[in-house]
Amino acid sequence: MLCPDGIGPLLRTIRDATGRTREQQANYLNSLGGPYVDPDNIKRWETEKRLPQPHWYPLLSRGYRITEDEIRRAITASRQYRRAASAAEKLLDQQEDDDMHRRSAVFGTAAIAAGVAAEPWGRLATAVSRPKVDDKTAQKLMQKTAEFFTTEEHLPARLLAERLAGHLEILTALIPGAGRHEKALTIAAGETAALAGWAAYDLGELRDARNYYETAALAGREAGHGAVVALAMGYASYAMKPAKARDALAAAQSHVRGRGYATARAWLAAREAEEAAGMGDGDAAVRALDRANTAFDYGEPGEQSWTCFFRQARLDSLSLSAYAKLRHPDLIPTADAALEHLGDDDSKVRIAVLHDVANGYVAAGEIEPGVEIGRRFVAAATVTPTTMGRQRMREFADVLPANTAAARALHADIRAALAA
């Protein structure tokens, strides 16, 4: 059994998302230069028969579009998992009298740290041993929760969903005996559930997404932490009809008052503006954008781990989305600013920003730059397929005019990508 957080599932999931065979992936890596790769290398890494050595990291980073730090963390997780699994196997071979004592000791620490509680035998061992949560364990679990919101920008939804499910099971097992750490772990569990809902939405599993969101909001209310409720409502709004989404987003902002939540308020207000504009309520949309920009100016780095995605480029793109619907005069300057703020980051945020910029140019009648940016958007959405990406491709195809050859060609490319 491979570690859900390990290097094997990471490389396999990314390769599957590109549609490449192992031989094709090896050829692609070889085209980038560096050490020679053959399909057997790919197979050994994906099955974790052999772990990549440090000299492979730069090539894997470029070929799989992940950072070397992500590669190191995944390899470390694979090694920890092996050690924990090996310890468990030795443990089960011991005499019965000695077995009970040793299970409690091994599973209460190594199993939790390595994530093996995501396996049935790990869950049982955790329940039997009733481990106590110390400060160090609680801090590691909260840190891991925060890290998911950073890796979400780059990680394929299927792999993200698997990792979140394992992490959520660990938190679920520990909360009843967490003592003074119960509130903190309940908040972490709520944040994890909300992100799991977002991953399910990305995969088109809307029923699972709704259940995750409802559970996340419940965790937030039980912990007396309104920010988790706001997070769940913000994610859930993407699957709602405009009027209901706007009301939910307005209500969510009441849960993130006070210092430390400015960026969260900015995100929710900008989303409210987008939905209001879609309903044709220009005044409400402009007022919401004013609130979003004011709140964003007061934001501070690291306020909430789940707002790490909401940088200036994303605020620009949500403004663009609203302006395009309203044919607002600030459409073109905002599109130019969004491109300037985007930089070279390669993530799911990039898909949203490029779509909103391309859509903005087309809405303003600037077809040539709209098509140019649209091609970049489609390329990014194809490399990292998500439900939202496909939805945005359909929307963009519908607004492309038929009076230029470039626009017609892009329309055809989008339809082909959606049919694939």
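Arg 327 is situated in the loop that joins H16 to helix H17 (331-342). The structure described here is a predicted model. The backbone at Arg 327 has a phi angle near 55°, which is a positive value in a residue other than glycine. The relative accessibility of Arg 327 is 56%, and the residue is therefore classed as exposed, a label given to values over 50%.

Arg 65 occupies the loop between helix H4 (57-64) and helix H5 (68-92). For Arg 65, too, phi is positive and near 55°, in a residue other than glycine. Because its relative accessibility is 45%, Arg 65 counts as partly exposed; this class lies between the limit of 20% for buried residues and that of 50% for exposed ones.

The empty spaces of the model were considered next. Rolling a probe the size of a water molecule over the atoms shows where empty space is left. One cavity of 30 Å³ or more is present in the structure. The volume of the largest cavity is about 310 Å³. Its lining consists of 20 residues, and those nearest the centre are Glu 152, Trp 198, Phe 309, Lys 348 and Val 349. Two or more lining residues come from each of helix H10 (182-202), H18 and H20. Of the elements, H18 contributes the most to the lining of the largest cavity, with four residues. Sorted by class, this lining comprises 13 nonpolar, two polar and five charged residues.

A total of 27 residues line the second largest pocket, and Glu 274, Ser 321, Lys 325, Gln 391 and Glu 395 lie nearest its centre. At least two lining residues are supplied by each of four helices, namely helix H14 (262-278), helix H16 (312-326), helix H18 (348-363) and helix H20 (387-399). The greatest contribution to the lining of the second largest pocket is that of H20, with seven residues. By class, the lining of the second largest pocket holds 12 nonpolar, six polar and nine charged residues.

Note on methods: Residues numbered from 1 in each chain as written. Predicted model: local features only at pLDDT ≥ 70, side-chain atom pairs only at ≥ 80, totals over all residues. Heavy atoms only, no water. 1 Å grid on protein atoms, 1.4 Å probe; cavity = no way out; pocket = protein on both sides within 12 Å on 5 of 7 lines; lining within 4 Å. Nonpolar A, V, L, I, M, F, W, Y, C, P; charged D, E, K, R; others polar. Buried < 20%, exposed > 50% of the residue type's maximum accessible area, 1.4 Å probe, protein only. Points joined across faces, edges and corners; volume = space filled by probe spheres on them.
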